[in-house]
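Subject: Handover of a structure

Dear colleague,

Please find below the structure that I am passing on to you.

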Amino acid sequence: MREGHLPHMSLFRTLTAMALLTAASVATACTDTDRDNGTEPERGASPHAAVPKLPAYPAEALPCPPAGYLCSRLDPGDTLVVARWPDHTTELRVLVPLPPHPDPSEAARRRDAVVRGLLAWQDTPLRLVIVHDDPGDGVDIRVRWTDHMDGDQVGRVQTTLELRNGEARYQVQLFELLSPPVREGSPAERIRERLRRTAAHEMGHALGLGHSDRPEDIMYPEDRSAEPSARDYRTLAELYQLPPGSRLVLPPSP
């Protein structure tokens, strides 16, 4: 997500038509908007660690759902790979540590703002469990803090969908938020509000959403919306009706 600037079109999960069927791993990253390459330690044993079998899906690409914005940033004939948490996953454990800050109370307020943003997606459809102390194993998403990002980026996420022999595994490899350093006169409340909104946007990516084409949606690539919209929730519901690893295509213009 970027602040005050409309980025180039997201490259989120737009692949050539047959890439899904041949690739062992599909990285989902916005190259110049919210996401960069990054690494994350292997997730430990958790209730979601089993690799599910993919349900049967047609060899041909499916038409894009008419509701929501799953395909809003595709060109006619382009293909989108459905990358999301598998159906057996019902709960995600999200580690949100304190950001580095000389004032412990302000660090706690920044973390609380992020938690509020994450929980905007509670039970839609996954249960989110926020963890403050690193348990070592059993964490699905680890929020990382940084005091610098390129340009006007304020957050980034990288996810992967691995497809091997009819099995799928979805992981969040990177979930990073900008916590700017303290400067004299810096507006603390504005920083916390930006963190809340950014966390909500990036959590949408972590759940599998791409960018919206309307500024009233939290998944719009520029910071315009304060909360997920009804259209955001509807698009996520459409996404979780589709098998992970299936392909959507935007039909060519007549």
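This is a predicted model: local features need pLDDT of at least 70, side-chain atom pairs count only at pLDDT 80 or more; totals for chains, interfaces and linings use all residues.

Is R110 buried or exposed? R110 counts as buried, because its relative accessibility is 2%; buried stands for a relative accessible area under 20%, exposed for one over 50%, and partly exposed for values in between, with a 1.4 Å probe and protein chains only.

Residues are numbered from 1 along each chain as its sequence is written, and side-chain values use heavy atoms, with hydrogens and water left out.

R110 belongs to helix α2. Helices (H or I, at least four residues) and strands (E, at least two) are DSSP runs, numbered from the N terminus. The R110 side chain reaches the backbone oxygen of P180 at 3.0 Å. Leaving aside residues up to four places away in sequence, R110 is in contact (heavy atoms within 4.5 Å) with P99, H101, W145, S179, P180, I191, R192 and L195.

R231 is part of helix α4, residues 230-239, and counts as buried at 10% relative accessibility. Its side chain makes a polar contact of 2.7 Å with the side chain of D217, and another of 3.3 Å with the side chain of S212. A polar contact is a pair of N or O atoms within 3.5 Å; within protein, one must be able to donate a hydrogen and the other to accept it, and residues adjacent in sequence count only if both atoms are side-chain atoms. Residues up to four places away in sequence aside, R231 touches G68, Y69, S212, D213, R214 and D217.

Helix α4 and its buried face

The buried residues of α4 include R231, D232, T235, L236 and L239. Seen down the helix axis, the buried residues of α4 fall within an arc of 140° (taken from the directions from the axis to the C-beta atoms), so they line one face of the helix. These buried residues pack against α3.

In soluble globular proteins, nonpolar side chains tend to be buried together. Here the largest nonpolar core has 45 residues, and W85, W121, I141, F175, M203 and L207 have the most contacts inside it. Such a core is a set of buried Ala, Val, Leu, Ile, Met, Phe, Trp, Tyr and Cys residues joined through side-chain atoms within 4.5 Å. Among the elements that give two or more residues to this core are β5 (91-95), β8 (155-164), β9 (167-178) and α3 (188-207). α3 gives the most, with seven residues.

M203 touches L92, L118, W121, L128, I141 and F175, again not counting residues up to four places away in sequence. Of the 20 residues of α3, 16 are buried, so the helix is mostly covered. From its first C-alpha to its last, α3 reaches 29 Å, close to the 28 Å expected, the expected span being 1.5 Å times one less than the number of residues. Just after α3, G208 takes a positive phi of about 125°.

The loop between α2 and β6

Where does the cis peptide bond lie? It joins T124 and P125, with omega about 10°. P125 is in the loop between α2 (104-118) and β6 (127-131). D123 is found in that loop, and its phi is near 60°, a positive value in a residue other than glycine. D123 is partly exposed, with a relative accessible area of 44%.

Yours sincerely
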